[in-house]
Amino acid sequence: MEIVPVPVLNDNYVWLIHDSDSGETAAVDPSVGPPVIEAAEARGWQISQVFNTHWHPDHTGGNQAIHEATGAPVTGPTEVRKVYEPDRIVGEGDHVRLGGLEANIWDIPAHTAGHIAIYFPTAKAIFVGDTMFAMGCGRLFEGTAAQMHANLQRLAALPEDTRVYCGHEYTLANARFAVTVEPDNADLAARLQRVEDLRERGEVTLPTTIGEERRTNPFMRAHSVDELARLRQTKDSFG
Ligand SMILES: [Zn+2]
């Protein structure tokens, strides 16, 4: 299983998942169509499926164009119907397949009410959309701090070498906020330095891992719902 980012719009990542055994390729959260199709073609890949983690247009805007160009079916949570009618609706406990790879669907509401994660346990990879970011978490547009806390604790319980694929390049801004929350966290200080170096070179900082997040993500490390709610509020008004 090969996974590559396609950077689009300001800071979105569309993830291409390629299974070389079957030749299948999935596009996760295509903001737009043509650049994602071109990125797949440049690798000799043909998009055969589209997965959406939530309904926001910067995660679904390319559904139609990709479906029309490739015939790839679109799979997503019910809420995607607000903007596009998926071929298959999935939620907690459902499975999706990409060639020989199977993924479990999790309901992780909070950023949106119907947000899902797509977890490939054998590949140790999870696609979390806008629920968790490197050293951060998504804004609570349609859910509560309690839901986000539960989501992050569920993610934290995954094996620590699980790679986490997020929907945006927010890592540097998140790191700069995180060091104000945990000024004595040496892992975090070292990570901020690494992320600054990567971004200076224009490089992608993702995926992250569950282990790294356990050590450096103040939202995942919050001990209570109240603590997470306070952090989220502070971050919302952080420069
Ligand atoms: Zn979103």
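I started with α5 (residues 171-181) and α6 (residues 186-200), which pack at an angle of about 155 degrees with axes 9 Å apart. Helices here are DSSP runs of H or I with at least four residues, numbered from the N terminus. Axes are lines fitted to C-alpha atoms over the stretch in contact, and angles run from 0 to 180 degrees between N-to-C directions. I noted the pair as roughly antiparallel because of that angle (over 145 degrees counts as roughly antiparallel, under 35 as roughly parallel, 65 to 115 as roughly perpendicular, the rest as oblique).

Ground rules, before I forget: this is a predicted model, where local features need pLDDT of at least 70 and side-chain atom pairs count only at pLDDT 80 or more, while totals for chains, interfaces and linings use all residues. Residues are numbered from 1 along each chain as its sequence is written, and side-chain values use heavy atoms, with hydrogens and water left out.

Next I listed who touches whom, contact being heavy atoms within 4.5 Å. From α5, Thr171, Leu172, Ala175, Arg176, Ala178 and Val179 meet Leu188, Leu192, Val195, Glu196 and Arg199 of α6. By class I get 7 nonpolar, 1 polar and 3 charged for this contact (Ala, Val, Leu, Ile, Met, Phe, Trp, Tyr, Cys and Pro are nonpolar; Asp, Glu, Lys and Arg charged; the others, Gly among them, polar).

Then α4 (residues 145-156) against α9: their axes come within 9 Å and cross at roughly 105 degrees. That makes α4 roughly perpendicular to α9. Ala145, Ala146, Met148, His149 and Leu152 of α4 meet Val225, Leu228 and Ala229 of α9. I wrote down 7 nonpolar, 1 polar and no charged residues there.

For α5 and α9, I have axes within 11 Å, crossing at roughly 125 degrees. The two are therefore oblique to each other. Ala173, Asn174, Phe177 and Val181 of α5 make this contact with Leu231, Thr234 and Lys235 of α9.

Last, the largest pocket, at about 310 Å³. A pocket is an open set of points on a 1 Å grid over the protein atoms alone, where a 1.4 Å probe fits, with protein on both sides within 12 Å along at least five of seven lines; lining residues have an atom within 4 Å of a point. Which residues lie nearest its centre? Of the 18 lining it, they are Phe133, Arg139, Tyr170, Arg232 and Lys235. I see α9 giving the largest share of the lining, 3 residues. The lining splits into 6 nonpolar, 6 polar and 6 charged.

Definitions and conventions. Grid points are joined across faces, edges and corners, and a volume is the space filled by probe spheres set on the points.
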